[in-house]
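Have the model open in your viewer and your selection tool ready. We will go from stop to stop, selecting a few residues each time and looking at what surrounds them.

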Amino acid sequence: MIYHSIRVQMKADAPQEQVDAALEQLRKMGREIPAVQSWAVGRDIGGDFDYGAQFVLKDLDGYLEYMHSPIHRKVDEIGLPIVENMISTDLTDDDDPAIGDKIREIHVKRFEGDPELLTLVEGLDSYSGSGVPGTTGK
C-alpha cells in the first residue's frame with residue numbers, strides 16, 4: 001500500500017469560497033478516482049499547516065492512475081494558486097528498495113508532461129516532499 005499525504009498552508013488572503021472548492025475537489029478525488037482505496041480530507045491539527053489529505057493506493061499502478069487523473073489535475077488548478085506552503089509525502093509498506101525512485105519518476109513524468117502544472121508548483125513559497133522537482137527518491 002502507498003499512503004500519499006499532502007499538507008497545505010493557505011495564503012492569508014485566500015478567499016474562503018476558493019478554499020472550500022479546493023477541499024471539495026480533494027474529496028471528489030477520494031470518491032471518484034477508482035484507484036483510491038480510502039481517503040481523508042480535513043483540518044491539519046498540531047502544526048503550521050491548515051489542511052491535509054491522505055489517499056491510500058494499493059500499489060504503484062494505482063499511484064500512477066491517481067497522479068494522472070483529470071480530477072487530480074483539477075484540484076491543482078483550483079488549489080495551488082491559493083496555497084502558500086505545501087508538503088507531499090508517501091509512506092509505503094512495499095518492500096521494493098526502488099519504490100521511492102519509482103514514485104519520484106511518476107512525479108517527474110507528470111511535471112514533464114504538464115508545464116502549466118510545474119509553473120503552479122514553482123509559484124508556491126515552499127514545497128517539499130516526494131513529488132518535488134529536483135529531489136531524489138529514497
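**Stop 1: two helices side by side**

Helix H2 passes helix H4 in a right-handed crossing. Bear in mind as you look that this is a predicted model. To bring up the pair, select residues 60-67 for H2 and residues 99-112 for H4. Their axes are 10 Å apart, and the packing angle is about 20°. With an angle under 35 degrees counting as roughly parallel, H2 and H4 are therefore roughly parallel to each other.

Now show side chains. On the H2 side, pick Leu-60, Tyr-63, Leu-64 and Met-67. They meet Ile-99, Lys-102, Ile-103, Ile-106, His-107 and Arg-110 of H4.

**Stop 2**

Next, select H1 (residues 16-32) together with H3 (residues 70-79). The two axes come within 9 Å and cross at roughly 170°, which makes H1 roughly antiparallel to H3. The contact of H1 with H3 comprises 7 nonpolar, 4 polar and 3 charged residues. Among those to display are Ala-21, Gln-25 and Met-29 from H1, and Ile-71, Val-75 and Ile-78 from H3.

**Stop 3: all around H3**

Select Ile-71, His-72, Arg-73, Val-75, Asp-76, Ile-78 and Gly-79 to see the buried ones. Their cover includes H1, H2, H4, strand E4 and helix H5 (115-122).

**Stop 4: a buried asparagine**

Finally, move to strand E4 (residues 83-92) and select Asn-85. Its relative accessibility is 15%, so Asn-85 counts as buried. Which side chains does it reach with polar contacts? One is Gln-9, at 2.3 Å, and another is Ser-126, at 2.7 Å. Setting aside neighbours within four places in sequence, Asn-85 is in contact with Arg-7, Val-8, Gln-9, Phe-49, Asp-125 and Ser-126.

How values were computed. Residues numbered from 1 in each chain as written. Predicted model: local features only at pLDDT ≥ 70, side-chain atom pairs only at ≥ 80, totals over all residues. Heavy atoms only, no water. Helix = DSSP H or I, 4+ residues; strand = E, 2+ residues; numbered from the N terminus. Buried < 20%, exposed > 50% of the residue type's maximum accessible area, 1.4 Å probe, protein only. Polar contact = N/O pair within 3.5 Å; in protein donor to acceptor, adjacent residues only side chain to side chain. Contact = heavy atoms within 4.5 Å. Axes fitted to C-alpha atoms, helices over the stretch in contact; angles between N-to-C directions. Parallel < 35°, antiparallel > 145°, perpendicular 65-115°, else oblique. Left-handed = near helix turned anticlockwise from the far one by under 90°. Nonpolar A, V, L, I, M, F, W, Y, C, P; charged D, E, K, R; others polar.
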